[in-house]
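Subject: Structure for your review

Hello,

Below is the structure I said I would pass on. My notes on what was found follow it.

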Amino acid sequence: MAAISSKKHKQKVLILEQLDEIAIKLKATGGGRCNLTNTLSLEPFMEKFGKNGRFMRDALIAFSSSDLQEFMSDIGVQTHAPDGFRIFPTTHKSTTIIEAIKCKLLLDGIEVQCSQKALEITKKENIFCIKTTSDIFYSHNLVIATGGSGYKNLGATGEGYEFVKSFGHSLKKLYPAMMPLLVKDDWVSKCTADTIAKATIQVDIKKYNKLKATGDLIFSKNGIRGPVVLDFAREITPLFDTFDEIPVIVNMIKEKTENDLIELFKVTPTETISNVLLQILPKSIIQELLKISKICENSTYKSISGEEKINLLRILTKTPMTINGSDGFKLAMITRGGINLKEINPASMESKIISNLYFAGEIVDIDGPCGGYNLQWAFSSGFLAGSLK
Ligand SMILES: Cc1cc2nc3c(=O)[nH]c(=O)nc-3n(C[C@H](O)[C@H](O)[C@H](O)COP(=O)(O)OP(=O)(O)OC[C@H]3O[C@@H](n4cnc5c(N)ncnc54)[C@H](O)[C@@H]3O)c2cc1C
């Protein structure tokens with residue numbers, strides 16, 4: 001996007017890509033479907049990025065979600081929002097977008113050189129010198145858009161951070177974000193349930209109990225994954241600096257309360273607890289939760305003691321789990337941290353330290369949740385950086 005925008009501003013442009021194809025990460029986005037943006041307007045969109053969100057204002061105004069959809073339409077990619085919020089190409093294939101972008105680059109006369117890994121970048125007498133594995137390139141302006149640290153095989157090799165540091169920039173500490181989480185509790189590995197919709201996960205440490213997320217939850221062999229876990233992981237990843245293990249409470253029953261459950265059990269007093277719970281939870285999970293609650297599967301709610309009732313209701317509404325790690329950057333869809341925003345001019349994406357040096361995308365200290373936020377940021381910041389304001 002930076003290249004396309006630069007070309008629009010009458011620049012001669014060259015893209016250097018280390019892999020043998022451009023946009024390899026884009027191919028993997030949205031499970032191969034590419035959730036490229038969403039329908040939120042400016043203010044709520046920025047809010048989702050937390051305290052750094054306001055930095056994006058100029059970029060999002062220069063190239064909004066509507067601009068992105070219009071751009072896609074102009075290059076022949078129709079988009080839609082099947083759930084009214086997340087926007088995808090109507091083909092539900094990220095390759096549709098990649099092919100259209102490649103065509104646009106060709107039509108605009110933008111040179112692309114793949115298998116060109118930048119190894120060193122210096123600046124002398126107003127000219128940038130980019131040494132790659134096989135060549136040396138010179139330019140008046142440079143946009144560094146080398147992405148984050150997650151999914152090394154998709155191009156996240158990390159040199160970009162070294163380049164910006166060599167120019168005197170500082171980095172906000174990098175954390176893997178948006179990845180599956182490992183869970184200590186053995187029972188979790190026995191849950192073979194399908195997706196559990198609208199689950200809520202919340203940190204169970206007083207100082208951090210505002211950190212929570214809601215969405216679809218999936219159990220895996222040694223932990224939990226799914227959209228809610230990705231968003232939650234993004235929130236808690238810095239806590240691993242302080243804690244080896246993070247206790248959390250999970251509500252897998254669509255935020256139902258203890259009173260809601262009591263009502264449910266009252267309606268069918270002769271039914272076993274596990275049969276009643278089948279209305280709201282998959283069998284494998286019911287079995288494990290009853291084991292933790294030390295309640296026999298065939299018991300009815302009426303037949304258990306008051307203490308057992310209290311314990312059961314608590315475990316069902318606030319299921320305790322202990323998160324004890326993740327696979328780190330290997331499976332991190334996003335990197336939290338990056339180039340210190342104080343050192344970048346938000347109106348242009350130009351470095352405040354080195355003139356004519358611009359940044360775009362995930363390399364800067366901006367990260368958003370699941371839902372097309374991060375690609376919109378990459379496109380918007382790329383567009384603004386490429387404008388060479
Ligand atoms: C599996 C997965 C699914 C995702 N799904 C979504 C989604 O549906 N919606 C969403 O909004 N976001 C999603 N994201 C996040 C999104 O893909 C990124 O935020 C976005 O791609 C960042 O764009 P970027 O241009 O900054 O970096 P990238 O897309 O990572 O591009 C950086 C490019 O720079 C190249 N490069 C790096 N170093 C060098 C070097 N030294 N020399 C030459 N080239 C180099 C890389 O090879 C790469 O091609 C997903 C991420 C992953 C991993």
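**Overall make-up**

The protein chain has 13 helices and 20 strands; helices (H or I, at least four residues) and strands (E, at least two) are DSSP runs, numbered from the N terminus. The model is predicted, with local features requiring pLDDT of at least 70 and side-chain atom pairs counted only at pLDDT 80 or more, while totals for chains, interfaces and linings use all residues. Residues are numbered from 1 along each chain as its sequence is written.

The C-alpha trace of the protein chain spans about 85 × 45 × 35 Å along its principal axes. Of the 389 residues, 38% count as buried. Buried means that 20 or more other C-beta atoms lie within 10 Å of the residue's own; exposed means 12 or fewer, partly exposed is in between, and C-beta atoms are placed from the backbone. Among contacts in the protein chain with a separation of 6 or more, 72% join residues 24 or more positions apart; a contact is a pair of residues whose C-beta atoms, placed from the backbone, lie within 7 Å.

**Ligand shell**

There are 35 residues around the ligand, and Gly30, Gly147, Gly155, Gly361 and Leu375 come nearest. A residue is near a molecule or strand if its C-beta atom, placed from the backbone, lies within 6 Å of it. Two or more residues of the shell are given by each of α2 (24-32), α7 (159-166) and α13 (373-386). Helix α2 has the largest share, six residues. By type, the shell divides into 17 nonpolar, 13 polar and five charged residues. Here Ala, Val, Leu, Ile, Met, Phe, Trp, Tyr, Cys and Pro count as nonpolar, Asp, Glu, Lys and Arg as charged, and the others, Gly among them, as polar.

**Nonpolar cores**

A nonpolar core is a set of buried Ala, Val, Leu, Ile, Met, Phe, Trp, Tyr and Cys residues joined through C-beta atoms within 7 Å. The largest has 49 residues, of which Val143, Ile144, Met349, Tyr358, Phe359, Ala360 and Ala385 touch the most other members. Helix α13 supplies the largest share of this core, eight residues. A second, separate core has 46 residues, including Ile196, Ile236, Ile246 and Tyr301.

Leaving out residues up to four places away in sequence, Val143 touches Ala2, Tyr358, Ala360, Ala385 and Gly386. With the same exclusion of residues up to four places away, Ile344 touches Ile339, Met349, Ser351, Lys352, Phe359 and Val364. Ile344 is in strand β18 and counts as buried because it has 25 C-beta neighbours inside 10 Å.

**Sheet and barrel**

Strands pair if DSSP finds at least two bridges between them. For angles, axes are lines fitted to C-alpha atoms, for helices over the stretch in contact, and values run from 0 to 180 degrees between N-to-C directions.

Six bridges join β6 (residues 118-124) to β7 (residues 127-132). Thr122 has Cys129 of β7 as its bridge partner. The hairpin of β6 and β7 has two residues between the strands, and Glu125 takes a positive phi near 45° there. Strands β7 and β8 are joined by four bridges, and Phe128 has Ser139 of β8 as its bridge partner.

Six other strands close into an antiparallel barrel in the order β11-β14-β13-β12-β15-β16. Its twist averages 50° from one strand to the next. Within it, β15 (residues 246-251) and β16 (residues 319-326) pair over five bridges, and Val248 stands opposite Met321 in β16.

**Positive phi values**

Most residues other than glycine have a negative phi, and most peptide bonds are trans.

- Met178 counts as buried because it has 24 C-beta neighbours inside 10 Å.
- Met349 counts as buried because it has 29 C-beta neighbours inside 10 Å.

Regards

Conventions: Contact = placed C-beta atoms within 7 Å.
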